[in-house]
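Let's take a walk through a protein together, one stop at a time. Keep the structure open beside you and look up each residue as we reach it.

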Amino acid sequence: MDAHELITRNAAEVVTEAEIEALADDPEGKRAYVGYEPSGVLHIGHMLTANKLIDLQEAGFEVTVLLADVHAYLNDKGSFEEIRHTAERMRDQFIAYGLDESNTQFVLGSDFQLDDDYTLDLHALELETTLARAERAMAEISSGDSVKVSQAVYPLMQALDIPYLGVDLAVGGMEQRKVHMLARDVLPSIDREPPTSLHTPLIADLGTGRGKMSSSEGVTISMEDSREDIESKVNDAYCPPTADPEPTDDGAERENPVLQVFEYHVFPRFDAVTVERPEEYGGNLEYDAYDDLEADLESGELHPADAKGALAEYLDRLIAPGRQQLAE
Ligand code: IYR
């Protein structure tokens, strides 16, 4: 797979395509980053952007993981001391998950976001941004209903992190896109380049196929899950046997989260996937590519129960090192 393919595979969007092509032409030593509000234990949402960081490392990039302790504090996630403690646990989880340790720099937000220069630049961005724009940027990130001043500061700090960390590429889930668009608009006002960004897709809730999988609601997978937990969550997952999933009562679209987890979590990390089946049901199936598995599920060649059995097995393999690390 060439650098451009590694960078863009499974991305929901890149901004802009031309800027990504320039990075792909000479990826060696370029730096990409993702910021995470510390939560201690990795869940499947973290794993999705981490898979992209692993792709980028394979393409020649260096990677920064920002443990965004000040952002978590601004987003009302607990006392600063608690957040700092969980940030430390998170680092080891990312390494256990498969980020290349020799090529990953972990940075705490509070290591640079409280410096004088950063603070003055932040105030300059505050002068350039309306409250309405900051609020819009946070629509899919903020916790809590009422808008606090802290939530207007948050996206401006996230924008400023990009030049302060000296990164060439900002990576995040689609819920981060409005912050990155804000960054493109406001950073030139303080003589900084508009950043290039890449966004990963949102995965539907495992149980229902609706909305997005999240750690706070619905069913998710985390590094704390035992093999039995994974088996039971995957077994209960929504997985219609054909390409035409049942509509919801409100007519909203439903995704097939079992297929999405195969596509975004399993195939990027394994060269081939084996679905075990007893001989009387046709024996094992081997897949080198996600599309073939999807086609077989949709044609009925692959039964949802067999697909789920394989999914639990591969998810368990991805999670086992992190689970082990948590037990130490
Ligand atoms: N907004 C992210 C956390 C975050 C991301 C980046 I990229 C930053 O520079 C700072 C914070 C979240 O929702 O988890």
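The buried residues of helix H2 pack against helix H1 (3-8), strand E1 (13-15), strand E5 (169-173) and strand E6 (196-200). Please keep in mind along the way that this is a predicted model.

Which residues of H2 are buried? In this helix, which runs over residues 17-25, they are Ile 20, Leu 23 and Ala 24. Around the helix axis they span an arc of only 100°, which means that they sit on the same side of H2. On the face directed away from the buried side you will find the exposed residues Ala 18 and Asp 25.

Val 15 and Thr 16 are joined by a cis peptide bond, with omega at about -5°. Thr 16 belongs to the loop between E1 and H2.

Next, let's visit some positions that come from a database record. In an unreviewed entry, UniProt lists Tyr 33, Tyr 154, Gln 158, Asp 161 and Gln 176 under "binding site". Tyr 154 is part of helix H8, residues 149-165. Is Tyr 154 buried or exposed? Its relative accessibility is 4%, and a residue under 20% is called buried, so Tyr 154 counts as buried. Setting aside residues up to four places away in sequence, Tyr 154 touches Glu 37, His 71, Leu 74, Asn 75, Met 138 and Ile 141.

Gln 158 also lies in helix H8. With a relative accessible area of 10%, Gln 158 is buried. Beyond its neighbours within four places in sequence, the contacts of Gln 158 are Tyr 33, His 71, Gln 176, Val 179 and His 180.

What about empty space inside? Rolling a probe the size of a water molecule over the atoms shows where empty space is left. Searching the whole structure turns up 1 cavity of 30 Å³ or more. The largest cavity holds about 60 Å³ of space. Its lining is made of Arg 9, Asn 10, Leu 48, Asn 51, Lys 52, Asp 55, Thr 200, Tyr 264 and Pro 268. Helix H3 (residues 44-58) gives the largest share of that lining, with 4 residues. Sorted by class, the lining has 3 nonpolar, 3 polar and 3 charged residues.

Our last stops are in loops. Asp 76 has a positive phi of about 65°, although it is not a glycine. You can find Asp 76 in the loop between helix H4 (69-74) and helix H5 (80-97), and it is exposed, with a relative accessible area of 61%. Asp 191, another residue other than glycine, has a positive phi near 60°. Its loop lies between helix H9 (177-186) and E6, and Asp 191 is exposed at 73% relative accessible area.

Finally, Glu 101 sits in the loop between H5 and strand E4 (104-108). Apart from its neighbours within four places in sequence, Glu 101 is in contact with Arg 91 and Ile 95.

Note on methods:
Residues numbered from 1 in each chain as written. Predicted model: local features only at pLDDT ≥ 70, side-chain atom pairs only at ≥ 80, totals over all residues. Heavy atoms only, no water. Buried < 20%, exposed > 50% of the residue type's maximum accessible area, 1.4 Å probe, protein only. Helix = DSSP H or I, 4+ residues; strand = E, 2+ residues; numbered from the N terminus. Arc of directions from axis to C-beta. Contact = heavy atoms within 4.5 Å. 1 Å grid on protein atoms, 1.4 Å probe; cavity = no way out; pocket = protein on both sides within 12 Å on 5 of 7 lines; lining within 4 Å. Points joined across faces, edges and corners; volume = space filled by probe spheres on them. Nonpolar A, V, L, I, M, F, W, Y, C, P; charged D, E, K, R; others polar. UniProt positions renumbered as here; feature names shortened; annotations may be inferred.
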